[in-house]
Each structure stands twice: as C-alpha cells, then as structure tokens.
Amino acid sequence: EVELGGPGAMRRKPSNYALLFAATVVCATLNNFSYCVISGASQDMARHFGRENDSTVITTIMNLSAICATVVSARCLIRYRYAVRIVLVL
C-alpha cells in the first residue's frame with residue numbers, strides 16, 4: 001500500500017522501526033560498498049578495457065549517476081513517506 005504524504009493524507013507510524021532501520025542500513029551499506037569497490041578498482045577496470053588514462057572517468061560516471069539518483073529522489077519520490085521510499089529503493 002503506497003500512501004501519498006500530501007497535506008491532506010492520513011499519516012501512520014511505521015509498524016516496525018527496527019525493520020525500517022535495518023532497511024536503511026542495508027541501503028547505506030550497499031551504497032558505500034559499491035562506492036568503495038568502484039573507487040578502489042577503477043584503475044584495474046580501466047586497464048582491463050585498455051583505457052589506462054581514463055580511470056577517473058569511471059568514478060566521474062559513478063558520481064554523476066549518484067547525482068541523478070538524488071534528483072530523481074527529490075523530484076519524484078519525495079511525495080511518499082520515508083518508509084515507502086526505503087521499500088521502493090530496495
């Protein structure tokens with residue numbers, strides 16, 4: 001069930017804060033893990049594709065995709081409650 005968080009919408013408290021916290025930790029861990037792996041492996045990945053001088057392009061693309069995801073979240077997902085956004089991301 002997806003509830004809009006507009007001014008006239010009914011608001012419910014999340015039924016399980018521990019589950020919501022765990023989902024938030026999973027999202028944050030996946031985000032940090034992928035950032036660390038890609039940042040650490042960017043030189044090896046560039047070498048694998050024969051683009052040794054373009055290793056910074058890999059991290060730049062990763063950062064641009066993070067900015068795009070933030071914009072999408074701010075424009076499209078902000079109308080949903082926090083718990084619903086976490087479920088949509090997972």
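A crossing of two helices is left-handed if the near helix is turned anticlockwise from the far one by less than a right angle, and right-handed if clockwise. In this predicted model, H1 passes H3 in a left-handed crossing, whereas H1 passes H2 in a right-handed crossing.

## Overall architecture

The chain contains three helices and zero strands, and its elements follow the pattern α-α-α along the sequence. Of its 90 residues, 13% count as buried. Among contacts between residues at least 6 apart in sequence, 53% join residues at least 24 apart.

## Packing of H1 against H2

Helix H1 spans residues 17-48 and helix H2 spans residues 55-77. The two pack at an angle of about 150 degrees, and their axes are 7 Å apart. Angles over 145 degrees count as roughly antiparallel, and H1 and H2 are therefore roughly antiparallel to each other. On the H1 side, the contact is made by Ser34, Tyr35, Ile38, Ser39, Ser42, Gln43, Met45 and Ala46. H2 contributes Ser55, Ile58, Thr59, Met62 and Asn63. By class, the residues of this contact divide into six nonpolar, seven polar and no charged.

Ser42 lies in helix H1 and is buried, with a relative accessible area of 6%. Leaving aside residues up to four places away in sequence, Ser42 touches Ser55, Ile58 and Thr59.

Met62 has its place in helix H2. Met62 is also buried, with a relative accessible area of 13%. With residues up to four places away in sequence again left out, Met62 touches Ser34, Tyr35, Ile38 and Ser39. Ser39 stands 23 residues from Met62 along the chain, with 9.0 Å between their C-alpha atoms.

## Packing of H1 against H3

Helix H3 covers residues 82-89, and Ala83, Val84 and Ile86 are buried in it. Seen down the axis of H3, these buried residues fall within an arc of 160 degrees, so they line one face of the helix. The buried residues of H3 pack against H1.

The angle between H1 and H3 is about 45 degrees, and their axes are 10 Å apart. That makes H1 oblique to H3. In this contact, Leu20, Ala23, Thr24 and Cys27 of H1 meet Tyr82, Ala83, Ile86 and Val89 of H3. The contact has seven nonpolar residues, one polar residue and no charged residues.

Ala23, in helix H1, is one of the residues of this contact. At 13% relative accessibility, Ala23 counts as buried. Not counting residues up to four places away in sequence, Ala23 touches Ile86 and Leu90. Ala23 and Ala83 are 60 residues apart in sequence, and 9.1 Å separates their C-alpha atoms.

Ser73 is found in helix H2. Its relative accessible area is 29%, and Ser73 is therefore partly exposed, since that class lies between the 20% limit for buried and the 50% limit for exposed. Ser73 and Val89 are 16 residues apart along the chain, and their C-alpha atoms are separated by 9.6 Å. Val89 is also among the H3 residues that make the contact with H1.

## Residue pairs

The C-alpha distances given above are collected here.

| Residue pair | Separation along the chain | C-alpha to C-alpha distance |
|---|---|---|
| Met62 and Ser39 | 23 residues | 9.0 Å |
| Ala23 and Ala83 | 60 residues | 9.1 Å |
| Ser73 and Val89 | 16 residues | 9.6 Å |

## Summary of the two contacts

H1 is roughly antiparallel to H2 and oblique to H3. The contact of H1 with H2 has six nonpolar and seven polar residues, while the contact of H1 with H3 has seven nonpolar and one polar. The H1–H2 contact has no charged residues, and the H1–H3 contact has none either.

How values were computed
Residues are numbered from 1 along each chain as its sequence is written. This is a predicted model: local features need pLDDT of at least 70, side-chain atom pairs count only at pLDDT 80 or more; totals for chains, interfaces and linings use all residues. Side-chain values use heavy atoms; hydrogens and water are left out. Axes are lines fitted to C-alpha atoms, for helices over the stretch in contact, and angles run from 0 to 180 degrees between N-to-C directions. Helices (H or I, at least four residues) and strands (E, at least two) are DSSP runs, numbered from the N terminus. Angles under 35 degrees count as roughly parallel, over 145 as roughly antiparallel, 65 to 115 as roughly perpendicular and the rest as oblique. Contact means heavy atoms within 4.5 Å. Ala, Val, Leu, Ile, Met, Phe, Trp, Tyr, Cys and Pro count as nonpolar, Asp, Glu, Lys and Arg as charged, and the others, Gly among them, as polar. Buried means under 20% relative accessible area, exposed over 50%, partly exposed in between (1.4 Å probe, protein chains only). The arc is that of the directions from the helix axis to the C-beta atoms.
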